Amino acid sequence: MRIMALLLAAGGGTRFGAATPKQFLPLAGKAVLRHAAEALLREGLVEAIQPVCAPGAEAQVAALLAGLPVRPPVIGGASRQDSVAAGLAALAADPPDLVLVHDGARPLIPPGTIAALVAALAEHPGAIPALAVAETLKRGESGLIAATVPRDKLFRAQTPQAFRFAALRAAQGFASAAATDDASVLEAAGMAVALVPGHPDNIKITWPEDLARMERMMAPALLPYVGTGFDVHRLVPGRPLVLCGITVPHEKGLDGHSDADVGLHALCDAIYGALAEGDIGRWFPPSEAEWKDADSARFLTHAAGRIAARGGRLVNADVTLICERPKITPHAGAMRARLAALLGVDMAAISVKATTTERLGFTGRGEGIAAQAAVMLLLPEPPQAASNAAS
Ligand SMILES: Nc1ccn([C@@H]2O[C@H](COP(=O)(O)OP(=O)(O)OP(=O)(O)O)[C@@H](O)[C@H]2O)c(=O)n1
Ligand SMILES: C[C@](O)(CO)[C@H](O)COP(=O)(O)O
């Protein structure tokens, strides 16, 4: 049993309204059309795909479908049925037993759909996936309801639509240019077409919101990852005191290889921890002269870049500065704003607070400042590569 598929891509996407026809637009990292082709092949039943495209798009289609069992694209026509006829003609020299006709604008074919269609063709010359209409149907005119249409026995037709090749060829003579699907050609010829279960995820991208919805559906699930960071620097005379990206007036400043921004360092370590990508010393070793007196804002920008590179996002961060003096509260708002700007998130996601150690220990004696931070990130997948690379 040989099964081939026509992949229709000759439409201009008028309703979508983009300069590029919708089937060539990117979706979850590849073109919509490539998703559709891969979906046709996924069940392992389709031997090869015959793309049908607009004049001049042949090279683009061939490139988008490179590496798949795809025949050279043929040129479609002004109507869907013209495009189908062109595709069928291209297959006619070595005809398959069965042919599927699929919209290049339908990137997702739920598993089992093609097997169900092929099984139905044992009994009938045609079969389509379809969904029973679940909502009340209205006919509208000039913004008003003209009638309520009984939905009993009504279905929404999807693709791929499957046919015995000889039957679809024979029915072509009955095709009307107005036919919006391929089953209607067999219907016009008086041939039976079976209904098999369709799926709501088999969306035809018609309007821009369909592509946005499909992008959300195909986005990888994001998992929460928490990270913590802790840092200490000694207070010494003669240096500015930089805390959470803000220079705070004080008689001493923090000592360190960089600007010694202890709050920002703890925050970076929390982020690297959540990413399982080591710590700040791995990315910016104190042995490297480049980081001498460096503005630690660069480190946080780097950490934010690592979140983005991993396809994740920061949910929130909470930084606690531990010192008797200076008082942090008057500067906390500016610190939150600065950290939020460096991380590219809303200020509401960033907390900066402070505590003392009741004059106990090195922070109590004013010898140094400590900071701890906690973050939550949403990341697409377990950080396996990072855990291998981290020390
Ligand atoms: N003459 C045509 C018309 C449509 N199609 C293809 O048929 C599928 C479904 O059609 P539709 O969603 O209507 O696409 P467009 O015709 O591109 O959209 P519009 O009607 O908004 O212009 C699409 O993959 C489209 O490329 C085709 O190959 N040849
Ligand atoms: C074939 C189809 O996808 C089945 O739902 C649909 O009829 C195509 O309709 P359009 O008018 O070409 O958008």
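Where in the chain is the place of Ala-276? Ala-276 is in the loop between α8 (262-275) and α9 (280-283), and we will come back to it below. Welcome to this predicted model, in which local features need pLDDT of at least 70, side-chain atom pairs count only at pLDDT 80 or more, and totals for chains, interfaces and linings use all residues. Residues are numbered from 1 along each chain as its sequence is written, while chains are lettered from A and ligands numbered from 1 in the order in which they are written. Helices (H or I, at least four residues) and strands (E, at least two) are DSSP runs, numbered from the N terminus.

**Domains**

- The protein chain is split into domain 1 (3-218) and domain 2 (223-389), with bounds that come from an automatic or database domain assignment.
- Taken over C-alpha atoms, the centres of domain 1 and domain 2 are 53 Å apart.

**Around the ligands**

- A residue is near a molecule or strand if its C-beta atom, placed from the backbone, lies within 6 Å of it.
- Ligand 1 is surrounded by 23 residues, and the closest are Leu-8, Ala-10, Gly-11, Thr-14 and Arg-15.
- β1 (3-9) and α3 (80-91) are the elements that give two or more residues to this shell around ligand 1.
- For sorting residues by class, Ala, Val, Leu, Ile, Met, Phe, Trp, Tyr, Cys and Pro count as nonpolar, Asp, Glu, Lys and Arg as charged, and the others, Gly among them, as polar.
- The shell around ligand 1 has eight nonpolar, eleven polar and four charged residues.
- Around ligand 2 you can find Arg-80, Asp-103, Ala-157, Gln-158, Thr-159, Thr-180, Asp-181, Lys-204 and Thr-206.
- The shell around ligand 2 divides into one nonpolar, four polar and four charged residues.

- Strands of a sheet pair through backbone hydrogen bonds, either parallel or antiparallel.
- Here, two strands count as paired if DSSP finds at least two bridges between them.
- Five strands form an open sheet in the order β16-β13-β19-β17-β18, and the pairing is mixed.
- β16 (252-254) and β18 (350-355) are the edge strands, each with a single partner strand, so one side of each has no neighbour in the sheet.
- From one strand to the next, the twist averages 20°.
- Axes are lines fitted to C-alpha atoms, for helices over the stretch in contact, and angles run from 0 to 180 degrees between N-to-C directions.
- Two residues are in contact if their C-beta atoms, placed from the backbone, lie within 7 Å.
- Strand β13 (residues 223-237) is antiparallel to strand β19 (residues 368-379), and twelve bridges link the pair.
- Asp-231 stands opposite Ala-371 in β19.
- Helix α11 (residues 329-343) packs on the sheet and touches β17 (313-322) and β18, with a direction at about 145° to that of β18.

- A residue is buried if 20 or more other C-beta atoms lie within 10 Å of its own, exposed if 12 or fewer, and partly exposed in between, with C-beta atoms placed from the backbone.
- In a regular strand the side chains alternate between the two faces of the sheet.
- β11 is covered on both faces: Gln-161 and Phe-163 on one side, and Ala-162 and Arg-164 on the other, are all buried.
- Strand β6 (residues 98-103) pairs with β11 in the antiparallel sense over four bridges, and Phe-163 in β11 is the bridge partner of Val-99.
- Strand β7 (residues 126-132) is also antiparallel to β11, over two bridges, and Ala-127 stands opposite Ala-162 in β11.

**Backbone details in the loops**

- Thr-159 and Pro-160 are joined by a cis peptide bond with omega of about 5°, and Pro-160 is in the loop between β10 (155-157) and β11 (161-164).
- Another cis peptide bond runs from Arg-325 to Pro-326, with omega near -5°, and Pro-326 is in the loop between β17 and α11.
- Cys-244 is not a glycine, yet has a positive phi of about 50°.
- Cys-244 is in the loop between β14 (241-243) and β15 (246-248), and is buried because 30 other C-beta atoms lie within 10 Å.
- Ala-276 is not a glycine either, and has a positive phi of about 55°.
- Ala-276 counts as partly exposed because it has 18 C-beta neighbours inside 10 Å.
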